[in-house]
Amino acid sequence: MATPPNFEEGHSTYRPPRFNGQYYRWWKTRMHDFIMAEDLELYDVIYDGPFVPTKTSGDPAVTLPRIRKEFNNADRKAIEKKFRAKKILACGISPDEYNRISACQSAKEIW
């Protein structure tokens with residue numbers, strides 16, 4: 001693999017690496033490390049897919065998604081991680097690449 005050019009954003013510990021449509025494997029490795037350094041659980045959200053709060057109701061028992069008013073603190077924290085993962089991925093791509101992922105609902109889809 002050719003060495004990637006020096007990207008305009010430079011290397012930062014505060015900003016995610018920017019993907020411009022080239023050198024995906026290079027970007028993917030850097031982004032993985034960036035995400036793991038931010039929060040180990042964020043990569044789990046990306047790899048496993050989003051957390052959906054559920055409840056059990058009825059007889060026979062049926063699992064249903066909870067409505068927002070029924071969320072507890074653990075549900076809110078898990079959902080917050082979902083949006084943090086999406087934010088980091090969206091901040092790490094160019095505007096042209098953003099058009100390709102703008103309809104994605106989860107960080108796993110974006111990845």
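**Cysteines, helices and a loop**

Mentor: Cys 91 has a relative accessibility of 43%, so this residue counts as partly exposed. Please keep in mind that the model is predicted.

Trainee: And Cys 104, is that buried or exposed?

Mentor: Cys 104 is buried, as its relative accessible area is 16%.

Trainee: How many disulfides are there in the whole structure?

Mentor: A search of the whole structure finds zero disulfides.

Trainee: Let us change topic. Which residues of H2 are buried?

Mentor: In H2, the buried residues are Leu 42, Tyr 43, Val 45 and Ile 46. Seen down the axis of H2, they fall within an arc of 155°, and therefore they line one face of the helix.

Trainee: What covers them?

Mentor: The cover over the buried residues of H2 includes H1, H3 and helix H5, which spans residues 107-110.

Trainee: Which exposed residues are on the face turned away from the buried side of H2?

Mentor: That face of H2 carries Leu 40, Tyr 47 and Asp 48, which are exposed.

Trainee: You mentioned H1 and H3. At what angle do their axes cross?

Mentor: Helix H1 covers residues 24-38 and helix H3 covers residues 73-91; their axes cross at roughly 145° and come within 11 Å. The crossing of H1 and H3 is right-handed.

Trainee: Which residues make that contact?

Mentor: From H1 they are Trp 27, Met 31, Phe 34, Ile 35 and Glu 38, and from H3 they are Arg 84, Ile 88 and Leu 89. The residues of this contact comprise six nonpolar, two charged and no polar ones.

Trainee: One more topic, please. Where is Phe 51 found?

Mentor: Phe 51 lies in the loop that runs between helix H2 (40-48) and strand E1 (54-57). At 38% relative accessibility, Phe 51 counts as partly exposed.

Trainee: What does Phe 51 touch, leaving out residues up to four places away in sequence?

Mentor: Phe 51 then touches Asp 75 and Ala 78. In sequence, Phe 51 and Ala 78 are 27 residues apart, yet in space their C-alpha atoms are 6.4 Å apart.

Terms used. Residues numbered from 1 in each chain as written. Predicted model: local features only at pLDDT ≥ 70, side-chain atom pairs only at ≥ 80, totals over all residues. Heavy atoms only, no water. Axes fitted to C-alpha atoms, helices over the stretch in contact; angles between N-to-C directions. Helix = DSSP H or I, 4+ residues; strand = E, 2+ residues; numbered from the N terminus. Left-handed = near helix turned anticlockwise from the far one by under 90°. Contact = heavy atoms within 4.5 Å. Nonpolar A, V, L, I, M, F, W, Y, C, P; charged D, E, K, R; others polar. Disulfide = S-S within 2.5 Å. Buried < 20%, exposed > 50% of the residue type's maximum accessible area, 1.4 Å probe, protein only. Arc of directions from axis to C-beta.
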